Amino acid sequence: MHTPPSDDLATPGTAASAPRPAEHGGPRRAASPWRGRVMAAGLMLAALNLRPAVTSLGPLLEEIRDDLGMSGTVAGVLTSVPPACFALFGLTAPRLARRWGPGAIVCAGLAAIATGLLVRPFAGGTVVFLAASALALAGIAVSNILMPVIVKRWFPDRVGAMTGLYSMGLSLGTAAAAAATVPMTDALGGSWRSGLGAWALLAAVALVPWLFLSRAARAGTSGTEAGGTDTDAPAAAETAAAPADAPATRITRSPLAWAMAVFFGFQATAAYISMGWMPQIFRDAGVSASTSGLLLAVMMAMGVPLAFVLPRIAARLRHQGVLVVTLGVFGLAGYAGLWLAPAGGAWAWALLLGVSNCAFPLALTMIGMRTRTHAGVVRLSAFAQSVGYLLSIPGPLLVGVLYQHSGGWGQPLALMAGFMVPQIVAGVLAGRDRHLEDEA
C-alpha cells in the first residue's frame with residue numbers, strides 16, 4: 001500500500017512520482033469530522049503558546065534586569081536559555097512520543113508551559129526565574145518537535161495547509177506577546193510580574209482540547225469510530241515504520257540532516273536575537289518601551305500571513321533555495337538599516353526583519369518534504385531542531401557580551417549580519433530535491 005501523496009507536497013518529479021514504502025499504521029486523518037475539528041483547534045491553540053514565554057520578555061527586559069540585578073552578560077544568558085532548552089528537551093520528544101503518543105506529550109508540554117509561566121513572576125532572584133522559564137521552555141521544546149509529526153500523521157493530505165495553520169498561530173502568539181505585554185502590564189498595575197504571569201492563562205486554555213483528545217485516546221473511543229485511530233496512535237506503529245536494522249546514529253552521517261540542522265540553527269539564532277534584543281536596540285536609539293514592543297510585534301506579525309503562504313509556495317518548488325536566498329537578503333537589508341538609522345527607519349527595518357524571520361515555517365516545511373516516511377520525519381525533525389537549537393545558543397549570548405563591552409550596537413549588528421551567510425548556504429543545500437531515506 002502506498003501512502004497517498006500530499007496535495008501540498010506533490011511536485012512533478014519529486015514526492016508525487018517517487019514510490020513511498022508501505023508503513024504500518026500509516027497516516028490517517030482524524031477518525032470523524034468533530035475529531036478533526038478539535039485536533040485543528042488544538043494545533044492552533046498549542047501554536048499560540050509556543051513563543052509568548054520568550055517574546056513577552058523582550059519588551060520588559062530592562063525592568064526585569066533592574067529588579068533582579070542582571071548584568072548585560074547575564075541577560076544574554078537569559079536570551080540563550082530558550083534555544084538551550086529546546087535543544088536539550090527536544091531530544092527526549094521522539095522517545096516520549098513512542099512511549100506515550102505525541103498527543104499526550106503535547107498535552108503535558110502545555111501543562112509545563114502554564115506552570116512555568118505562572119511560577120516565573122514570583123521569582124525572588126535570577127536562579128528561580130531561570131528555573132521557571134526552563135520548565136515552560138521544556139514544554140515548548142517537546143511540542144516544537146512533535147508538531148510536524150502530528151501534522152504529517154493526522155493530516156497527510158493537507159501537510160502544507162496545516163503546517164501553514166500552526167505556523168500562522170505560532171507567529172500570531174509571538175506577535176501578540178510582543179505587542180500586548182507592556183500595555184497589559186500597565187493595565188495590571190505596572191509590575192512586570194503581572195504582565196508576564198498573565199500569559200499562563202492562554203496556556204491553560206490551550207490545554208482543554210488536548211486533555212479531551214488524550215482522555216478519548218485512553219478510553220479507546222477512536223478505535224471504535226468508523227474504524228479510525230486515536231490521536232495518539234500506538235507507539236508500536238511508529239516503531240514499526242522504521243527499519244529494524246537502522247542504527248540510531250545513522251542520521252548523524254547524513255549531509256541532508258546536517259544541512260537542515262545548520263539552516264534551522266542559524267534561522268533560530270536570528271529569531272532569538274530579535275526576540276531577546278531587538279526591543280533594547282530600539283530603546284537605546286530613543287524609541288519608547290511601548291513602541292519598541294510594537295516594533296517587535298510587527299516583526300513577529302509578518303509571520304502570520306507569510307507562514308500560511310510560504311509552505312504552500314515551498315511545496316510547489318523542486319528546490320527551495322530561491323526562497324532561502326530571498327529571505328536572507330531581506331535580513332541583510334534590515335540589519336544594514338538598523339546600523340545606519342535605527343530610529344529613523346525603525347518601522348521599515350522591523351518589516352524587513354519580520355520577512356527574514358519567516359525562515360522558520362520554511363524550515364518546518366522542508367523537514368516534511370525531505371522525508372518519505374513517518375519514522376523519517378520524526379528523526380529529521382528531532383535532529384534538525386535539537387542540533388539546530390544547540391547551534392543557536394551562542395548567538396544571543398555573544399550579542400549580549402559584545403553589547404556590554406563595546407557600549408553600542410555596531411559590533412552586535414555586524415555579527416547578526418554575518419550569521420545570515422551560513423544560514424543562506426545551508427538553506428540552499430537543504431533545499432535540494434532529495435530525501436533522508438535515500439541517503440540511508
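Which residues form one aromatic cluster? I will come to that in a moment, after a word on what we are looking at. This is a predicted model, in which local features need pLDDT of at least 70 and side-chain atom pairs count only at pLDDT 80 or more, while totals for chains, interfaces and linings use all residues. Residues are numbered from 1 along each chain as its sequence is written, and side-chain values use heavy atoms, with hydrogens and water left out.

Now to the opening question: the cluster consists of Phe86, Phe264, Tyr272, Phe360 and Tyr389. Rings of Phe, Tyr and Trp (for Trp, the six-membered ring) pair if their centres lie within 6.5 Å, and planes under 30 degrees apart count as stacked, over 60 as edge-to-face and the rest as tilted. By that rule the structure holds 11 aromatic pairs. In one of them, Tyr272 and Tyr389, the ring centres are 6.3 Å apart and the planes stand at 70°, so this pair is edge-to-face. Because Tyr272 belongs to helix H12 (residues 255-284) and Tyr389 to helix H18 (residues 374-392), the pair ties together parts that are 117 residues apart in sequence. Helices here are DSSP runs of H or I with at least four residues, strands are runs of E with at least two, and both are numbered from the N terminus.

Are these two tyrosines buried or exposed? Buried means under 20% relative accessible area, exposed means over 50%, and partly exposed lies in between, with a 1.4 Å probe and protein chains only. Tyr272 is buried at 2%, and Tyr389 is buried too, at 1%.

Let me turn to the salt bridges, of which a search of the whole structure finds 5. The term covers a side-chain nitrogen of Lys or Arg within 4 Å of a carboxyl oxygen of Asp or Glu. Arg283 forms one with Glu63, and the closest N and O atoms are 3.5 Å apart. Arg283 lies in helix H12 and Glu63 in helix H3 (residues 61-68), so this bridge ties together parts that are 220 residues apart in sequence. Arg283 is buried, with a relative accessible area of 18%, whereas Glu63 is partly exposed, at 30%. Another salt bridge joins the side chains of Arg434 and Glu439, at 3.1 Å from N to O; here Arg434 is buried at 18%, and Glu439 is partly exposed at 30%.

Finally, the chain as a whole. Its secondary structure comes to 21 helices and 0 strands, and buried residues make up 58% of its 440 residues. Of the contacts with a separation of 6 or more, 83% are between residues 24 or more positions apart, where contact means heavy atoms within 4.5 Å.
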